Structures are given as structure tokens and as C-alpha cells.
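Subject: Structure handover

Hello,

The structure is below, followed by notes on what turned up in it. Please read the notes with the model open.

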Amino acid sequence: MEYLLSSIGLLFCPLVLLYCQDRPDNPPFIESPKEVDYGYQVVVDSLEIPWGMDFISENELLITEKKGELIYAVDGQKTQISGLPFVYQRGQGGLLDVALHPDYRNNKVIYFVTATNTENDDQGGNTALYSAVLNLEDFRLDDLTLLYKATPNTKRPHHWGSRIIFDDQGYLYFAVGDRGQRDITPQDLTTDGGKIYRLHLDGSIPQDNPFVGQPSVKEAIFSYGHRNPQGMFFHNEKKEIWLHEHGPRGGDEINISRKGLNYGWPVISYGINYSGTIFTDKTHQEGMEQPFYYWTPSIGPSGMAISTSDIYPDWKGNIFVGSLTFSYLERLVIENNQVVKREKVLDEIGRVRNVKQSPEGYLFVGVENLGIIKIIPSHENLSTSL
């Protein structure tokens, strides 16, 4: 479905540009010369849709394949981990993000998000968050625990969300997309979907979550009015939850998730339907947040990271976002709280599903039908140059 909608949407880019002509243009791309000379190495090959990844060490990765495989990779050698729960395969749904517990070194706990059905009904599935202990002696998961399951199930194939991050106060955040129920879930606090959720690391609900104690409300909700968050990171310097949302045509957004706020989907948007029709004429409404940034036309974002290391000095503080539609990694330069420059990194590399900074500060990128690649400055030893 995602592939079909992206293709349809490209036909309607002129309509989007006409619809958005009264709005500020995106900054132009930095085309040439590149501001940083770089190449890349394929560090884990032969992966189909590497949706999520996290680092056990610089050369040890835990990777999810959307088709339902959890992979331990060390020095490029892959071993499949057993013990996953039922993975529901439908459209964009499958095994999605994965993240190590902040104290993984001592407790070996991991978290992952999957599409699943725990109710044993025939109504489809929804997004669920699990924890488990990673047993690398037997390559299996122990102590599997369901922490949160979005309801109700649906057979709709898209908008599962899934990204997992941690702040510096001991909270876990994860995303659930609107599940293709645009006019039902994002604005309804009694229903899962179109939300960012906040939990303690054991899965319990913080009592200072914004909607705790309200009748029938999903108390794990942190913010709402989201479409389909597929990229998220914690900004250590600003102490903020940054995310992007795979939007409609012309409506991909970067938002900063704040406690209890409404991000407007689908009441306000800078996009239109994939077919070219308009579903809302509003871009602003009182009580609804404006995006930090939006793309016109859409790039089909997936994966998001901030570079904080000195490995790429000219990239420090820049945000990196994968493009599914146009097959590149996008660098966003932020000055005075706004995006002022954009650059295509790894142009035409393939559909970029994820990007993450390693413990040593390198950027690792998950590319569909290729694998995990490592971006390396040109003065280092490269296996592949650009």
C-alpha cells in the first residue's frame, strides 16, 4: 500500500504545489559540492526491510526485519533470535522497531514493537510494545512481557507507527499511527492510534501523564493528533522528543512532542489526499500545534537521528531523515530554530528505512534490499566511495 500510494502521489505533485503556493518554500537542496566528503561501507548485507536497529556495541547490532525476524549481527555475521510473539503480517505491519533498555549492559532487557493480535479474534491486528531478556548464549528471548497493546484490532494495512526512544528521566516513549482510521483515532483520547505514549521502563503508566484520571481515556497518551510517526529521537541538549510523521501528499511533518498537546491531524494539515483531493482547508486552529517543519512535496520519511559527534564536524547538530519515496538520506541544517539548508546524502542509495547514531558517533543507515550501511568520512578507509 505504501509503495502504491507513493507512486500515485507523485502524479499529483503539481496539485500539491498549487495548493501550498501561499506557504513558505522548503529550503533548496545543497547539491554540489558536498559539505562533507564521505563514503560508506555495508556492514550487514542482504536485508529486505530493516525496520529497526540498536547497538549492543559498535560492531554488534540488533536488527528487525519487517517480515518477522529479529537478527543479532556481529561483524556482519547474522544469527536469528527465537522466541518472538506472533507477528501479524499485513501491509506495512510486521516486526517494527527495537531498542535496548538504558541499562542493557546489566539487565539484558530489550524492547520491540510489532503488529500483532493477542485477542485471538479475526479482526486483524494492532501495534504492541513488548520487553524481553536477550539471551545470546542460546540466541533466544526470555521473559517475554507484553507492555502495551493498542486496540481495537483492524484489518487496515497501514500506519502502525512503532518507534521507541528513552528520555533522560527514565521514561520510554513509543508511537502508534492512526491505523488508517484518520477521522476516528487521532483526536479521540479514548481510542488508541495517532498518539505518542509514555511509560515507565517496566511498562507502568506514570501518574503525571497528562490524561491520567480522566474517564475512559487511554492514560498512557503523552501527545495526540499524530498521523504515522516513523522517526523519533530524544534531543539531549534541548530535552525534547522530536519526531517526524509520514504524512499525506505534501504533509510530512517534523513535530516536537510535548505533554498533553494536540498536533492537529487530520483537522489541520499542509497536505492533501494521495488522489489529489483536499480533505481539510485548515492549516491552523486554536488549540492545535504547528509543525516545526514540513516537506512540500513529501519525501516519505522513515527513520530519524541527530548527529552529535565530532566524526563529521560540519554535520554536528544536524538532523538526518530517510526518504522512502526518493531513496536518499536527507540532512537538515537548523539555525535559529528553523531549517535553513537541506542536503541529499547517499542519493539514490535505495529506500531508506532507518538511521541511527552508533556509540562511537557514526551514522548507520538501514536501506531496503541492501542492508545496514555505515557513513564514513573520506579520510578514513572506505570500501565504497560516492
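Strands here are DSSP runs of E of at least two residues, numbered from the N terminus. On that basis T127 belongs to strand β9, which covers residues 126-135. Please keep in mind that this is a predicted model.

T127 has a relative accessibility of 0% and so counts as buried. Its side chain has a polar atom 2.9 Å from the backbone oxygen of W160. W160 is also among the residues that T127 contacts once neighbours within four places in sequence are set aside; the others are V113, T114, Y148, K149, A150, A175, V176 and R179.

S131 is in strand β9 as well. Its relative accessibility is 10%, and the cut-off for buried is under 20%, so S131 counts as buried. With neighbours within four places in sequence left out, S131 touches V109, I110, Y111, D143, L144, T145 and L147.

The two domains

The chain splits into domain 1, made of 6-15 + 49-307, and domain 2, made of 35-47 + 308-386. Their centres, taken over C-alpha atoms, are 21 Å apart. Domain 1 brings 39 residues to the contact and domain 2 brings 46 residues.

About 3500 Å² is buried between domain 1 and domain 2, with 62% of that area coming from carbon and sulfur atoms. On the domain 1 side, M53, E58 and S307 account for 22% of the area buried against domain 2, more than any other three residues.

Between the two domains there are 2 salt bridges. There are also 17 residue pairs in polar contact between domain 1 and domain 2, counting pairs with both residues at pLDDT 80 or more. Several elements give two or more residues to the side of domain 1 that touches domain 2, including α1 (2-11), β4 (60-65), β15 (229-235) and β19 (301-306). The largest share of that side, 7 residues, is from β3. Sorted by class, the side of domain 1 that touches domain 2 holds 22 nonpolar, 12 polar and 5 charged residues.

Salt bridges

How many salt bridges are there by this rule? The count is 19 salt bridges.

D97 and R163 form a salt bridge through their side chains, at 3.2 Å from N to O. D97 is in strand β7 (residues 95-100), while R163 is in the loop between β10 (140-149) and β11 (164-166); the pair links distant parts of the chain, 66 residues apart.

A salt bridge joins the side chains of E368 and R351, at 3.0 Å from N to O. E368 sits in the loop between β24 (363-367) and β25 (371-377), and R351 in the loop between β22 and β23 (352-357), so the pair ties together parts 17 residues apart in sequence. E368 and R351 are both buried.

K356 has a salt bridge with D54, where the closest N and O atoms are 3.8 Å apart.

G366

G366 is in strand β24. Its relative accessible area is 0%, so G366 is buried. The C-alpha atom of G366 is 4.9 Å from that of N354, although the two residues are 12 residues apart along the chain. Neighbours within four places in sequence aside, G366 is in contact with P50, M53, R351, V352, R353, N354, G371 and I372. Two of these residues have come up already: M53 is one of the three residues named for the area that domain 1 buries against domain 2, and R351 is the salt-bridge partner of E368.

Regards

Terms used: Residues numbered from 1 in each chain as written. Predicted model: local features only at pLDDT ≥ 70, side-chain atom pairs only at ≥ 80, totals over all residues. Heavy atoms only, no water. Domains from an automatic or database assignment. Contact = heavy atoms within 4.5 Å. Buried area = accessible area lost by both parts, 1.4 Å probe. Salt bridge = Lys/Arg side-chain N within 4 Å of Asp/Glu carboxyl O. Polar contact = N/O pair within 3.5 Å; in protein donor to acceptor, adjacent residues only side chain to side chain. Helix = DSSP H or I, 4+ residues; strand = E, 2+ residues; numbered from the N terminus. Nonpolar A, V, L, I, M, F, W, Y, C, P; charged D, E, K, R; others polar. Buried < 20%, exposed > 50% of the residue type's maximum accessible area, 1.4 Å probe, protein only.
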